[in-house]
Amino acid sequence: MITPNPDNFLWVEKYRPKRISDCILTDKVVKQLQPMVDKGELQNLMFIGSAGVGKTTCAKALCEELEIDYLIINCSENGNIDSIRTTVRTFASSVSLMGGFKCVIFDEADGLSNAAQQALRNFIEEFSNNCRFIFTANFGNKIIEPLKSRTVQVDMSMTKEEKMNLIVKFDARVKEILKLEGIEEYDKKVLATLITKYFPDFRKTLGTLQNLTMTGTLDASAMANVTVDEVATIFNFLKSKDFTSMRKWVAENPDNDLPVLARMLWGKVDAFVEHDGIPQFVLHLNQYQINHASVVDKEINLVAMLTELMVDIRYK
């Protein structure tokens with residue numbers, strides 16, 4: 001049973017696991033991480049996987065379970081290498097109050113420039129006696145090889161069979177959370193629909209679930225805004241070149257994650273896009289997913305992607 005953190009209102013933080021054994025992970029990832037916990041030895045790591053799969057959660061859980069003093073740097077918000085150098089050097093060069101090693105977690109490290117990544121590889125060696133470094137990234141191809149070679153790669157991707165196993169585990173976890181929140185009335189089919197819709201983005205699923213259960217229940221009516229065919233709505237904006245409605249939709253759905261939305265659009269592309277426009281459509285999806293990791297304003301990036309799809313593509 002996971003222990004909630006009463007200091008947090010958001011379920012994503014309130015129920016974030018503090019031990020690797022509580023994280024919902026594939027067996028291959030557990031086999032990589034659990035021995036470190038058992039031996040009390042943390043290595044330099046790089047977690048690579050799509051948004052919301054638990055990269056940052058794993059990094060934090062390792063530090064919490066090993067009782068390591070750690071610092072988190074969000075590289076997409078603070079990518080200034082001079083600032084990072086100062087912050088990291090100050091933290092890594094001092095003695096840990098907990099004793100033993102310290103750890104710096106570089107979240108969304110694929111948002112860093114090549115030059116910044118080159119600078120950070122030297123930190124791994126310079127502070128090897130006192131500090132460990134963990135990197136998380138959505139796109140492994142945006143991380144330079146010298147940085148990868150200095151870390152143990154943790155691949156968070158999963159096979160179809162692994163996905164099904166994790167869906168079952170996540171369903172049980174969500175039901176546990178609902179019970180702890182005092183929500184006894186909920187439609188299991190609606191819950192399953194929500195989990196399947198956003199999987200493997202655990203973060204988005206919990207955020208959406210918290211919003212939908214504000215009344216203390218979860219039923220088909222609460223899911224109306226989720227079960228409505230959002231993809232058809234978006235394609236309608238694109239086909240009619242209704243920029244105003246599209247922009248309003250993006251603003252009213254701030255929890256939309258571009259990689260998840262791109263996957264939803266790609267899944268329905270044959271039904272809405274003229275055949276000769278599909279190659280250009282997928283190129284736009286790919287480019288904006290790459291941009292997503294490094295842009296400052298993700299809402300503008302999403303609007304920009306939909307705008308290009310609106311202007312360049314022919315629809316049925």
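Buried means under 20% relative accessible area, exposed over 50%, and partly exposed in between, with a 1.4 Å probe and protein chains only. The structure is a predicted model, in which local features need pLDDT of at least 70, side-chain atom pairs count only at pLDDT 80 or more, and totals for chains, interfaces and linings use all residues. Residues are numbered from 1 along each chain as its sequence is written, and side-chain values use heavy atoms, with hydrogens and water left out.

**View 1. Glu108, a residue other than glycine with a positive phi.** Glu108 sits in the loop between strand S3 (102-107) and helix H5 (114-126), where helices (H or I, at least four residues) and strands (E, at least two) are DSSP runs numbered from the N terminus. Its phi is near 55°, and Glu108 is partly exposed, with a relative accessible area of 22%.

**View 2. Lys241, in the loop between helix H11 (230-240) and helix H12 (243-252).** Phi of Lys241 is also positive, near 55°, and this residue is partly exposed, at a relative accessible area of 49%. Most residues other than glycine have a negative phi, and most peptide bonds are trans.

**View 3. The cis peptide bond that joins Phe199 and Pro200.** Omega of this bond is about 10°, and Pro200 belongs to the loop between helix H8 (188-198) and H9.

**View 4. Helix H9 (residues 202-212), a mostly covered helix.** Of its 11 residues, 8 are buried, among them Phe202, Leu206 and Leu209. Asp201 caps the N-terminal end of H9, with a side-chain oxygen 3.2 Å from the backbone nitrogen of Arg203.

How values were computed
A polar contact is a pair of N or O atoms within 3.5 Å; within protein, one must be able to donate a hydrogen and the other to accept it, and residues adjacent in sequence count only if both atoms are side-chain atoms.
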